[in-house]
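Biologist: I'd like to learn how to read a protein model. Could you walk me through one?

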Amino acid sequence: MPWDSVPWFTEGGAEHSSEVARLLAYAAFGGSEGVVGAADLQVRALSSPAAEVQVTTGAVAIINRAAGAPYQAYAARLPTGDRVPIAATGAAARSDLIVARVENPYSYGESWPNPEDPKAGPYVFTRVISGVPKSTTSARQVRSSDSAVALARVDIPANTSSITQAMIKDLRGMVSPRRARKLFTSFPGAASSLTYSDNKWHNWPGAARWDVSVPQWATQVNLVTTFAGLKFSKANVFANMQHSFIGKLGEDTTIDDDQGKGNRRSTIVVADSFYVPPAARGTVQTLFIQTYMSKAETGDLTVDQATSIISDVEFVEAPDQDGY
């Protein structure tokens, strides 16, 4: 019989195989694996560092990597926090990988021991794979046949028995991260100039200002603002531009124009990626540009009817790392 003879879902008391149930989970997760929520299964040091780490509550999708098990996935949850011991190091430093792993002895090709209670298991665990390369970022790099996902790597210095947060590298991925992207545009109806004079930041141009709704689930925002047709005049121009959003200032984009006193135009791009703090999620925040005019050059910047300002705002749901 070439088919698994009972598809999901069939009436009449038909018995459905575990393989078909895991097929359903695989399809629901889109063939991906990782934590379900942005805050799920964080590996954290204890408030008083000790020879163990704690894993926060959450849920995870894990691909079944047993032999002969294509298109199958497990769905697992951790309803209460977990703690796992970390062995002390000796004269040499060591890296340990913290994983969520399914150990199912009944899946074809698996060799895990049978649990004490076949009905209750357990079949899923937080495990420590000790002594991995410091470059390790996934469970497959060190145990390719395990049905496991990496949560974190702990890089432990020599002669250390207490784990601090600085030693923990978050490696979580999300199974179905959400994204939302929107373009905000502005076309100035009249000329507005910023002249050299004071070596200070100005909220300019005023046309580059928008009220942006932040999704409740967003943990990161990517910003790309383009000034097409930005005008330089009178003399050389040396300036900087930066984003201001959710209470943060972005990296500077430097404008260094040495073309003299004639009128000319150029395209300037300002880009940033910010962590979205919990207090900003689900709120409306103002996005605007700040510009700094240096006294080193005496030219002016202008936006006018020939200028287009486009801000590409993309919100991303990524594993929440408490501000990192």
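This is a predicted model: local features need pLDDT of at least 70, side-chain atom pairs count only at pLDDT 80 or more; totals for chains, interfaces and linings use all residues.

Biologist: Which residues of α1 are buried?

Modeller: The buried residues of α1 are Val20, Arg22 and Ala25. Buried here means under 20% relative accessible area.

Biologist: What happens just after α1?

Modeller: Look at glycine 30: just after α1, this residue takes a positive phi of about 65°.

Biologist: Let's zoom out. How many helices and strands are there in the chain?

Modeller: The chain has one helix and 22 strands. Its radius of gyration is 27 Å, well over the 20 Å that the globule rule gives for 324 residues, so the chain is more spread out than a compact globule.

Biologist: What share of the residues counts as buried?

Modeller: Of the 324 residues, 45% count as buried.

Biologist: How do I read contacts along the sequence?

Modeller: Ask how far apart the partners are. Among contacts between residues at least 6 apart in sequence, 75% join residues at least 24 apart. Leaving aside neighbours within four places in sequence, threonine 225 is in contact with several residues, including His243, Ile268, Val270, Ile289 and Ile310.

Biologist: What joins the side chains of threonine 225 and serine 311?

Modeller: A polar contact of 2.9 Å joins them.

Biologist: Now for charges. What's the general idea?

Modeller: Side chains of opposite charge can pair when their charged atoms come close. In this structure there are 16 salt bridges. One of them is between glutamate 33 and arginine 65, with the closest N and O atoms 2.7 Å apart. That pair links distant parts of the chain: glutamate 33 is in the loop between α1 and β1 (34–35), arginine 65 is in the loop between β4 (58–63) and β5, and they are 32 residues apart.

Biologist: Are those two partners buried or partly exposed?

Modeller: Glutamate 33 is partly exposed, with a relative accessible area of 24%. Arginine 65 counts as buried, at 16% relative accessibility.

Biologist: Which residue forms a salt bridge with glutamate 317?

Modeller: Glutamate 317 pairs with arginine 178, the closest N and O atoms being 2.9 Å apart. Glutamate 317 lies in the segment after β22 (308–316) and arginine 178 in the loop between β10 (168–170) and β11 (179–186), so the pair ties together parts that are 139 residues apart in sequence. Glutamate 317 is buried, at 6% relative accessible area, whereas arginine 178 is partly exposed at 41%.

Biologist: Which residues are linked in a network of salt bridges?

Modeller: Arg101, Glu103, Arg127, Arg143 and Asp146 are linked that way.

Key:
Residues are numbered from 1 along each chain as its sequence is written. Side-chain values use heavy atoms; hydrogens and water are left out. A polar contact is a pair of N or O atoms within 3.5 Å; within protein, one must be able to donate a hydrogen and the other to accept it, and residues adjacent in sequence count only if both atoms are side-chain atoms. Contact means heavy atoms within 4.5 Å. Helices (H or I, at least four residues) and strands (E, at least two) are DSSP runs, numbered from the N terminus. The radius of gyration is taken over C-alpha atoms; the globule rule is 2.2 Å times the number of residues to the power 0.38. Buried means under 20% relative accessible area, exposed over 50%, partly exposed in between (1.4 Å probe, protein chains only). A salt bridge is a side-chain nitrogen of Lys or Arg within 4 Å of a carboxyl oxygen of Asp or Glu.
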